[in-house]
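Here are my notes on this one, jotted down as I went through it.

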Amino acid sequence: MRWRLIVPVVVVFALIVMLGYGLTRNPSELPSAFIDKPAPSFDVPTLDSDQERITDAAFQGNITLVNVWASWCVACRAEHELITEISRRTGVPVIGLNYKDTREGALRWLGRYGNPFAVVAFDPAGEVGIDWGVAAVPETFVVDRDGTIRYKVVGAITREEMNDTLIPKLRQLKQAS
Amino acid sequence: MRHALSLLLLLVWSALPTAFAQTADLNDAQLERYHELNAELRCVICQNRSIAESDAPLAKDLRGIVARQLAEGRSDDEIKAYLVERYGEWVLYDPPFSWSTWVLWLGPFVLLFVGLVFVIAVMRGRYRAPEPRPPLDRERLARVLKSHEAGPDDTDKDRS
């Protein structure tokens, strides 16, 4: 008859562990459907000019950071200096994807806070954003030389994330060649 | 009063087309599928709401995509696959049965079964069948009855 005592204790303990695990996870962090898959293709004008276009061919041969941002996005401003710093420290070019923004607003924003981007793709309707599975700006993707997405950060990058994950990841990819 | 009511109805009626501008080119059957699909798709930023319920800009975009693809004649599964490709299985309120979702699908039944087994075990313990009665010993019964019949007479005599 001892099992009558043990079973409820075990069950309750298992429940506590599972609920604890559920509570400590961040519910807004969704598993990405894109890791280790080819980056979705796109062909859009750049922010600078309607005549210039940028396509996913830009990823070929280079490790690239893709940063989805908008001038109306407050969190983008918070991570702005870190984007600049990552690019400076690793030598990886950053391609911006300006999401649901106006050309005027975006250019003014870059003029005010500085431009860390090698080139910015202009996506006022958010169509490229949907192809890339963007739920909310900012999002940042690490794209490998062959155009494969290797890593994704949802939300503003923090300094710890930059030092502990992003920069090591970029260096590791660089060395892998 | 009646006039006011009909005026209100008229207002609501005239506002309908603008409210559903995205679905303007859908026929009735497609419109029905549109609403069903929207209710089955989860809004990825305002979690725990379907894209039918959400006012978020992204949910609006996704409704637009659903409407456009329906108008293009795509099937429900194709539209779902399109969104899953981009946002992961998370966008489905009805995730397909796979190795990563079997706990989700079978868990409740396993728990129900475990619970039933537990309840049955407890009930059995509580309503245990009574001890079987020993067979009737007729000789002994006769003897006891006899001594009882004789007994009261004896005691009566003693008392009187």
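Which residues of chain B does UniProt list for "transmembrane region"? Keep in mind while reading that this is a predicted model.

1. The listed stretch is residues 102-123 of chain B, and that comes from an unreviewed UniProt entry. In the model, those residues are 100% helix and 0% strand. From one end of the stretch to the other, the C-alpha atoms are 31 Å apart.

2. On the layout of chain B: the chain splits into domain 1 (15-91) and domain 2 (98-128). Between the C-alpha centres of these two domains of chain B there is a distance of 38 Å.

3. Now the interface. Chain A puts 12 residues in contact with 11 residues of chain B.

4. One residue I'd like you to look at is Leu170(A), which sits in helix H5 (residues 159-175) of chain A. Is Leu170(A) buried or exposed? Leu170(A) counts as buried because 23 other C-beta atoms lie within 10 Å, and the cut-off for buried is 20 or more.

5. Who are the neighbours of Leu170(A)? Leaving out residues up to four places away in sequence, Leu170(A) touches Ile63(A), Thr90(A), Val92(A) and Val142(A). Take Val92(A) as one of them: Val92(A) and Leu170(A) are 78 residues apart in sequence, yet their C-alpha atoms are 7.7 Å apart in space.

Terms used
Residues numbered from 1 in each chain as written. Chains lettered and ligands numbered in written order. Predicted model: local features only at pLDDT ≥ 70, side-chain atom pairs only at ≥ 80, totals over all residues. Contact = placed C-beta atoms within 7 Å. UniProt positions renumbered as here; feature names shortened; annotations may be inferred. Helix = DSSP H or I, 4+ residues; strand = E, 2+ residues; numbered from the N terminus. Domains from an automatic or database assignment. Buried ≥ 20, exposed ≤ 12 C-beta atoms within 10 Å, placed from the backbone.
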